[in-house]
Amino acid sequence: MESEEKQKWLDAMQDEMKSLHDNHTYDLVKLPKGKRALENRWIFKMKQDANSTFPKYKARLVVKGFRQKNGVDFNEIFSPGVKMSSIRTVLSLAATLDLEVEQMDVKTNFLHGKLEEEIYMKQPDGFLVEDKEDYVCRLRKSLYNLKHAPR
C-alpha cells in the first residue's frame, strides 16, 4: 500500500475517532468484575461521488455485536420503521399546505442512541490510550453492529 494512501486511511480512522469523542460515545473505565468487553474492528470503504474525481476514504469502527449474548449484553432488539404510505402522506401535506421539506444526511446516525445497558468494548486497535492500556470503553451510545444500534 502506498504511503500516501495509507495516510488517507489513517486520517479517516482519526476522523472517526474524533467523531466518537465529540459525541461522547464512550468513557474509558476499568472493566468491572463479572463483565466482559466486546471486540471491535475497523471497516474501510472508499466512496466516490458522481461529480468528484477524488475518492473519499471512510473508516468506521464497528463492534463485534454477533458475540453479544441475550440476557447478558442485551434484553431486547427493536428497530423502528416507517411505511412508504406515511412518507407519501407527509409529502402530500407539505405540498398541499405549501410547507418546506428538508432532508439531511446524518453522518453518524447510529451514534445518537443512548444505551441503558452496561456494554463494554475493548479500545480500538491503533488508539490505545497511553497509561490506560488495560482500560476498556464503556459505551454510552450505540455503535454499528450492536444489537441495540437500530433502537
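1. Basis of the note. Residues are numbered from 1 along each chain as its sequence is written, and side-chain values use heavy atoms, with hydrogens and water left out. Because the model is predicted, local features need pLDDT of at least 70 and side-chain atom pairs count only at pLDDT 80 or more, while totals for chains, interfaces and linings use all residues.

2. Overall make-up. The protein has two helices and six strands, where helices (H or I, at least four residues) and strands (E, at least two) are DSSP runs numbered from the N terminus. Read from the N terminus on, the elements follow the order α-β-β-β-β-α-β-β. Of the 151 residues in the protein, 30% are buried; here buried means under 20% relative accessible area, exposed means over 50%, and partly exposed lies in between (1.4 Å probe, protein chains only).

3. Contacts and surface. Taking contacts (heavy atoms within 4.5 Å) between residues at least 6 apart in sequence, 73% join residues at least 24 apart. The accessible surface comes to about 11,100 Å², and 50% of that surface belongs to carbon and sulfur atoms; the areas come from the Shrake-Rupley method with a 1.4 Å probe, and for residues only the protein chains shown count as cover.

4. The sheet. Four strands form an open sheet with mixed pairing, in the order β1-β6-β5-β2; two strands pair if DSSP finds at least two bridges between them. Since β1 and β2 (37-38) stand at the edges, each with a single partner strand, one side of each is left without a neighbour in the sheet. The pairing of β1 with β6 is antiparallel and runs over four bridges, and V29 stands opposite V136 in β6.

5. Aromatic pairs, first example. Rings of Phe, Tyr and Trp (its six-membered ring) pair if their centres lie within 6.5 Å, and planes under 30 degrees apart count as stacked, over 60 as edge-to-face and the rest as tilted. By this rule there are three aromatic pairs. The rings of W9 and Y57 have centres 4.6 Å apart and planes at 85°, so this pair is edge-to-face. The pair links distant parts of the chain, with W9 in helix α1 (residues 3-22) and Y57 in strand β4 (residues 56-63), 48 residues apart. Both W9 and Y57 are buried, and ring pairs link W9, F44 and Y57 into a cluster.

6. The rings of W42 and F127 have centres 5.7 Å apart and planes at 50°, so the pair is tilted. W42 lies in strand β3 (residues 40-47) and F127 in the loop between β5 (120-122) and β6 (136-139), so the pair ties together parts that are 85 residues apart in sequence. W42 is buried, with a relative accessible area of 13%, whereas F127, at 21% relative accessibility, counts as partly exposed.

7. Backbone angles to check. Most residues other than glycine have a negative phi. H24, a residue other than glycine, has a positive phi near 50°; H24 is placed in the loop between α1 and β1 (26-29) and counts as exposed at 58% relative accessibility. D98, also a residue other than glycine, has a positive phi near 55°. D98 is found in the loop between α2 (84-96) and β5, and D98 is exposed, with a relative accessible area of 70%.
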